[in-house]
Amino acid sequence: MTERVLYESSNGDVWALTRDPASNMPVVKHQPTASSGGQMSYTDIGKFLRNGASGPEHQELLKLIGTLLDG
């Protein structure tokens, strides 16, 4: 798996579970739309969840993690 899209917002921002290109550790990649002028960023999974676990992108990551558990 190269990356797995977690959530795409109505304005086109995309969050994906991937690996940091420098450390190869799992991270959340945020790709803002080109029109917003933002730059792609990588965030440690723990930090990502601590910084706003109520957003839909956070909820999708938690659902994905939940699929790793039986029952």
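## Exercise 1: A pair across the chain

Glu3 has a relative accessible area of 34%, which makes it partly exposed. Here buried means under 20% relative accessible area, exposed means over 50%, and partly exposed lies in between (1.4 Å probe, protein chains only). Before you go on, note that this is a predicted model, in which local features need pLDDT of at least 70 and side-chain atom pairs pLDDT 80 or more, while totals for chains, interfaces and linings use all residues. Residues are numbered from 1 along each chain as its sequence is written, and side-chain values use heavy atoms, without hydrogens and water.

**Task.** Find the residue whose side chain meets that of Glu3 in a salt bridge.

*Step 1.* Recall the rule: a salt bridge needs a side-chain nitrogen of Lys or Arg within 4 Å of a carboxyl oxygen of Asp or Glu. Side chains of opposite charge can pair when their charged atoms come close.

*Step 2.* The partner is Lys29, at 2.8 Å from N to O.

*Step 3.* Now place both residues: Glu3 is in strand E1 (residues 3–8) and Lys29 in strand E3 (residues 26–31), so the pair, 26 residues apart, links distant parts of the chain. Strands are DSSP runs of E with at least two residues, helices are runs of H or I with at least four, and both are numbered from the N terminus.

*Step 4.* Lys29 counts as buried because its relative accessibility is 14%.

## Exercise 2: A pair within a helix

**Task.** How many salt bridges does a search of the whole structure find, and where do Lys63 and Glu60 lie?

*Step 1.* The search finds two.

*Step 2.* One of them joins Lys63 to Glu60, with 3.2 Å between the closest N and O atoms.

*Step 3.* Both residues belong to helix H2 (residues 56–66) and sit three residues apart, about one turn of the helix.

*Step 4.* Lys63 is exposed at 54% relative accessible area, whereas Glu60 is partly exposed at 27%.

## Exercise 3: The nonpolar core

**Task.** Which residues make up the largest nonpolar core?

*Step 1.* Start from the rule: a nonpolar core is a set of buried Ala, Val, Leu, Ile, Met, Phe, Trp, Tyr and Cys residues joined through side-chain atoms within 4.5 Å.

*Step 2.* Eight residues qualify: Leu6, Trp15, Leu17, Val28, Phe48, Leu49, Leu61 and Leu64.

*Step 3.* At least two core residues come from each of strand E2 (14–19), helix H1 (45–50) and H2.

*Step 4.* Zoom in on Trp15: leaving out residues up to four places away in sequence, Trp15 touches several others (contact means heavy atoms within 4.5 Å), among them Leu6, Val28, Phe48 and Lys29.

*Step 5.* In soluble globular proteins, nonpolar side chains tend to be buried together.

## Exercise 4: The whole fold

**Task.** In what order do the elements run from the N terminus, and why is the protein called as compact as a globular protein of its length?

*Step 1.* Count two helices and four strands.

*Step 2.* Their order is β-β-β-β-α-α.

*Step 3.* The radius of gyration is 12 Å, close to the 11 Å from the globule rule for 71 residues, so the protein is as compact as a globular protein of that length. This radius is taken over C-alpha atoms, and the rule is 2.2 Å times the number of residues to the power 0.38.

*Step 4.* To finish, 31% of the 71 residues are buried, and the C-alpha trace spans about 40 × 30 × 25 Å along its principal axes.
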